[in-house]
Amino acid sequence: MDALVAFDEETVISGSSDGALRVLSLQPNKLLGVVGEYGEGTPVERLALGWDHRVVASTSHEAAVRLWDLSCLHDESGGEEDGEEGDGGEGEGGQVVEGGA
């Protein structure tokens, strides 16, 4: 695990050297799902959660920031889930925001 951000008191999002962004439950300790993946050989370096917890931003060795949709972690009424389990969905790519040096 190379990067970590708290989603709420019971859930964190991790980024690791395999390029995957995973959603993890703390109590009980288990994998809830995968938000998305960069691909083999592209490690996640940093994560930042959006103010409304609807997106997570990540960076890697690329010169870009990727935004990942977290709607799979919210219930349909717009609030955070109350401990319901799900696969978290699995996205590919994320929205890329080009950055300059």
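Here is a quick tour of a predicted model, covering its confidence, its nonpolar core and its aromatic pair.

## Confidence

The chain has an average pLDDT of 80, and 74% of its residues reach at least 70.

## Nonpolar core

The largest nonpolar core has 15 residues, and the ones touching the most other members are Ile13, Leu21, Leu47, Val56 and Leu70. Strands E1 (3–6), E3 (20–25) and E4 (30–37) each put at least two residues into this core.

Skipping neighbours within four places in sequence, its contacts include Leu21, Leu47 and Leu70. Val56 also touches Val5, Ala48, Leu49, Arg66, Leu67 and Trp68.

## Aromatic pair

There is one aromatic pair in the structure. The ring centres of Tyr38 and Trp68 are 5.8 Å apart with the planes at 65°, and since over 60 degrees counts as edge-to-face, that's what this pair is. Tyr38 belongs to the loop between E4 and E5 and Trp68 to strand E7 (residues 64–69), so the pair ties together parts 30 residues apart in sequence.

Are these two buried or exposed? Tyr38 is buried, at 11% relative accessibility, and Trp68 is buried too, with a relative accessible area of 3%.

How values were computed:
Residues numbered from 1 in each chain as written. Predicted model: local features only at pLDDT ≥ 70, side-chain atom pairs only at ≥ 80, totals over all residues. Heavy atoms only, no water. Core = buried A, V, L, I, M, F, W, Y, C linked by side-chain atoms within 4.5 Å. Buried < 20%, exposed > 50% of the residue type's maximum accessible area, 1.4 Å probe, protein only. Helix = DSSP H or I, 4+ residues; strand = E, 2+ residues; numbered from the N terminus. Contact = heavy atoms within 4.5 Å. pLDDT = per-residue confidence, 0-100. Phe/Tyr/Trp six-rings, centres within 6.5 Å; stacked < 30°, edge-to-face > 60°.
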